[in-house]
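Dear colleague,

Here is the structure I promised to hand over. My notes follow below it.

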Amino acid sequence: MASRAEVRAMRRAFELARTPGVPLGPNPRVGAVLLDRGGDVVAEGYHRGAGTPHAEVDALSKAGAAAAGTTLVVTLEPCNHIGRTGPCATAVAAAGIARVVFAQPDASGRAGGGADTLRAAGIDVEAGVLAQESERINVAWTFALQRGRPFVSWKLAATLDGRSAASDGSSRWITGPAARADVHRLRAECDAVLVGTGTVVADDPQLTVRHPSGEPLDAGHQPLRVVMGLRDIPADAKVLDSAAPTLALRTRAPGEALAALAERDCQHVWLEGGPTLAAAFVVEHLVDRVVAYIAAALLGAGSPAVADLGIGSIDRARRLTLTDVARFGDDVRLTMTTTRSR
């Protein structure tokens, strides 16, 4: 059983894993703390993104010879494979660590098994300490690992009466600048932004992450722009410019699109397509989170936020779980999770 000092260290490791600026993917965010026999902190570390030292190695390098005999508290099971960096389990054993306490097991086929390697080296190992809290740090990574497909967030913007565009087709702008800036902030947390060819033809969006001024939000990261459908993308479409990479998927099947993105190590997809594409994902139970921006406005006619879902009775309504409410000027953002996804 983990000691109080180890539980405190785990909560500190969670803080380290959440360090601002650390990418949300494709690698998990991980924090680590080394404790001496008295429960005092010897060193701390965290993973800064793909290709950088893992959290355990970061902490070990700071501790140096003082790492011998300590307890390693880490948010994720030390990896057991050689990728851009060596296996952490081997490095931990070589450093003379006496005990390892970790939160979330690494169930990935290529990196898992670190706990067995540590035990074989004579190290005392305790798993599962505050595991659920650890999973919340890497929701999309954990989901993709367990389900074999990316986590899908469907973003919609609608008037109070559920219209995403006016009867003349115009839709800019339903919400105000503060809400639109928030959309770009959340886009930046994803690996891919997905729309259909219909949206590209009708609205010609750029689908990049930008400040209200138009400048890139983060020059070092732009999500993959993904357009799915059977129609050709116009050669002069903004989505084909050099501001970010773009992938065209010749399919109308949500499952096929997500499988293709999983192969490209996309773990979190931001779905921004029109009502038809949104309905296709909802019907297939392939939406995991809904981020709805509701404007204090009425249209009375025009395009709905989502197309026909084949629901004919109120007792068959798709019920969602509200997890957050935020206000941006006169707009409200509702964040919801779905009760069933596959």
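How many disulfides does a search of the whole structure find? The count is 0. Please keep in mind that this is a predicted model.

Take C88 to begin with. The cysteine sulfur nearest to that of C88 belongs to C79, 3.7 Å away. A disulfide needs the two sulfur atoms within 2.5 Å, so C88 is in no disulfide. C88 has 0% relative accessibility, so C88 counts as buried.

C190 is in no disulfide either. For C190 the nearest cysteine sulfur is that of C266, at 10 Å. C190 counts as buried too, because its relative accessibility is 1%. The cut-off for buried is under 20%.

Now the largest pocket. It holds about 1,100 Å³ of space. Its lining is made up of 39 residues. Nearest the pocket centre lie K155, S171, R172, W173 and D203.

Which element gives the largest share of that lining? It is α7, with 6 residues. Helix α7 spans 177-187. Each of these elements supplies at least two lining residues:

- β6, residues 151-159
- β7, residues 163-165
- α7, residues 177-187
- α8, residues 197-203

By residue class, the lining of the largest pocket has 17 nonpolar residues, 13 polar and 9 charged.

Best wishes

Key. Residues numbered from 1 in each chain as written. Predicted model: local features only at pLDDT ≥ 70, side-chain atom pairs only at ≥ 80, totals over all residues. Heavy atoms only, no water. 1 Å grid on protein atoms, 1.4 Å probe; cavity = no way out; pocket = protein on both sides within 12 Å on 5 of 7 lines; lining within 4 Å. Points joined across faces, edges and corners; volume = space filled by probe spheres on them. Helix = DSSP H or I, 4+ residues; strand = E, 2+ residues; numbered from the N terminus. Nonpolar A, V, L, I, M, F, W, Y, C, P; charged D, E, K, R; others polar. Buried < 20%, exposed > 50% of the residue type's maximum accessible area, 1.4 Å probe, protein only.
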